[in-house]
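Visitor: Could you walk me through this one, feature by feature? I'd like the general idea each time, and then the case at hand.

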Amino acid sequence: MMILTESDAVYAANKFIDYYTQFNRIDDYLRHIKEDRGENRSGYLPGFGADSDMFDKFDMHPNDMNFEVHVVDTDTKSRSKYNQWLYSETLNLTASNPIEEAIPGRTHKWIVVETNTDKVVGVVRFGSPTINSKPRNNYFGEVKSLSDINAHFVMGFNIVPTQPFGFNYLGGKLLALLASSKELKQQFDEKYGIDLKYFETTSLYGTTKGVSMYDGLKPFLRHIGDTESKFLPLFHDDVFRDFFWWFNERNGGERLISADKSSKKLKIQVKMISIIRNSLKDEDKLNQFNECIDHAMSLTEKKRYYLGDFRHTSEEAITWWKKKASKRFEKLKSEDRVRTELEIWGSTENMEIIR
């Protein structure tokens with residue numbers, strides 16, 4: 001195994017310590033990344049980007065709304081309005097969590113539009129599910145084979161309503177219902193030649209927020225357990241890239257992990273930690289480093305896991321949602337709590353990251 005000099009080992013340990021000790025909760029970590037990426041965005045002016053396409057008619061009653069699902073056209077030469085740029089910009093401007101664009105495996109993306117206003121109410125990304133899931137294993141009483149998972153399961157990774165459509169109208173529930181409908185199964189089956197039987201997703205937050213937007217969706221989606229939570233939140237963007245090259249230089253120009261490995265970023269950072277531990281001779285610094293890693297791993301939380309089986313149509317989903325959304329909207333209206341300003345990253349210093 002690669003061994004660092006003592007001075008390099010101390011330097012590397014301090015990089016980890018300085019990074020992770022600035023966070024007390026997972027939302028501190030998420031906000032830091034979102035704000036850092038926001039500062040690095042160039043050429044964006046509010047009102048002249050994807051926010052101009054977001055739903056903003058907040059006096060509209062849910063019963064007067066209609067919706068269409070548009071599959072994102074990922075062809076960079078396409079003239080379709082519902083393209084990768086609109087999807088990515090909407091997601092990055094709205095989502096609480098930092099978005100990773102380069103995701104391996106199957107991918108299918110939606111932009112959901114309210115048709116009377118021709119405005120975007122949310123985006124969804126579907127993809128290959130996690131290979132091993134404790135709540136899935138417990139529910140089915142077995143560890144499903146990889147071939148079974150790939151043939152019959154799909155994961156909803158980003159289910160993100162624009163805000164405050166989500167707050168005013170239970171927009172997250174609408175998107176989750178559409179995402180677990182027969183419409184998605186038909187599209188995904190045709191695209192990949194499979195036979196989907198189950199839709200799964202997880203809450204974005206665990207113990208930080210005791211409830212999820214997916215709660216209250218029985219019989220369409222059911223909470224069947226909580227995921228395991230002990231993993232390391234990763235360095236982001238330039239922080240990771242700079243340290244990646246720093247290690248490679250000290251490893252004779254060789255990568256720590258082969259480029260063809262899956263989950264490379266996680267495996268690289270785990271390898272960094274192992275090298276630092278094996279290289280440090282200063283016991284006090286080693287103890288400080290280990291405490292830092294324990295603290296970093298404690299930031300992650302168990303997530304609520306939800307399962308659906310595509311028994312409902314999108315029309316049935318919208319009908320069910322309208323009843324719930326109407327009660328929500330009318331209650332907010334009676335209490336003068338309807339939000340009327342678009343909530344996008346960069347528009348306010350006090351963006352509510354857990355919502």
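**Salt bridges and beyond**

Guide: Let's start with a pair of side chains: R250 and E249 form a salt bridge, at 3.7 Å from N to O. The term stands for a side-chain nitrogen of Lys or Arg within 4 Å of a carboxyl oxygen of Asp or Glu. Keep in mind that this is a predicted model, where local features need pLDDT of at least 70 and side-chain atom pairs count only at pLDDT 80 or more, while totals for chains, interfaces and linings use all residues. Residues are numbered from 1 along each chain as its sequence is written, and side-chain values use heavy atoms, with hydrogens and water left out.

Visitor: Are R250 and E249 buried, partly exposed or exposed?

Guide: The cut-offs are these: buried is under 20% relative accessible area, exposed is over 50%, and partly exposed lies in between (1.4 Å probe, protein chains only). R250, at 34%, is partly exposed, and E249, at 59%, is exposed.

Visitor: How many salt bridges does the structure hold?

Guide: There are 15 salt bridges. One of them joins K57 and D59, again with 3.7 Å from N to O; K57 is partly exposed at 39% and D59 is exposed at 57%. Another links E343 with R339, whose closest N and O atoms are 3.3 Å apart. Here E343 is buried, with a relative accessible area of 16%, and R339 is partly exposed at 25%. Salt bridges with shared partners also join D8, E249 and R250 into one network.

Visitor: Let's zoom out. How many helices and strands does the protein have?

Guide: Twelve helices and seven strands. Both are DSSP runs numbered from the N terminus: H or I of at least four residues for helices, E of at least two for strands. Buried residues make up 48% of the 355 residues. As for contacts (heavy atoms within 4.5 Å), take those with a separation of 6 or more: residues 24 or more positions apart account for 80% of them.

Visitor: How do I read a helix pair?

Guide: Two packed helices are described by the angle between their axes and the distance between the axes. The axes are lines fitted to C-alpha atoms, for helices over the stretch in contact, and angles run from 0 to 180 degrees between N-to-C directions. Under 35 degrees counts as roughly parallel, over 145 as roughly antiparallel, 65 to 115 as roughly perpendicular, and the rest as oblique.

Visitor: At what angle do α10 and α11 pack?

Guide: Helix α10 (residues 264–279) and helix α11 (residues 283–298) pack at about 160°, with axes 10 Å apart, and are therefore roughly antiparallel. Their crossing is left-handed, a label used if the near helix is turned anticlockwise from the far one by less than a right angle (clockwise would be right-handed). I273, I276 and R277 in α10 meet L286, F289, N290 and I293 in α11. By class, the residues of this contact are five nonpolar, one polar and one charged. For the classes, Ala, Val, Leu, Ile, Met, Phe, Trp, Tyr, Cys and Pro count as nonpolar, Asp, Glu, Lys and Arg as charged, and the others, Gly among them, as polar.

Visitor: And how are α1 and α10 oriented to each other?

Guide: Helix α1 (residues 6–20) packs with α10 at about 130°, the axes being 9 Å apart, so the two are oblique. On the α1 side, the contact is made by E6, A9, A12, A13, F16 and Y20; α10 supplies Q269, M272, I273, I276 and S279. That contact has eight nonpolar, two polar and one charged residues. The crossing of α1 and α10 is left-handed.

Visitor: What should I look for in the backbone?

Guide: Most residues other than glycine have a negative phi, and most peptide bonds are trans.
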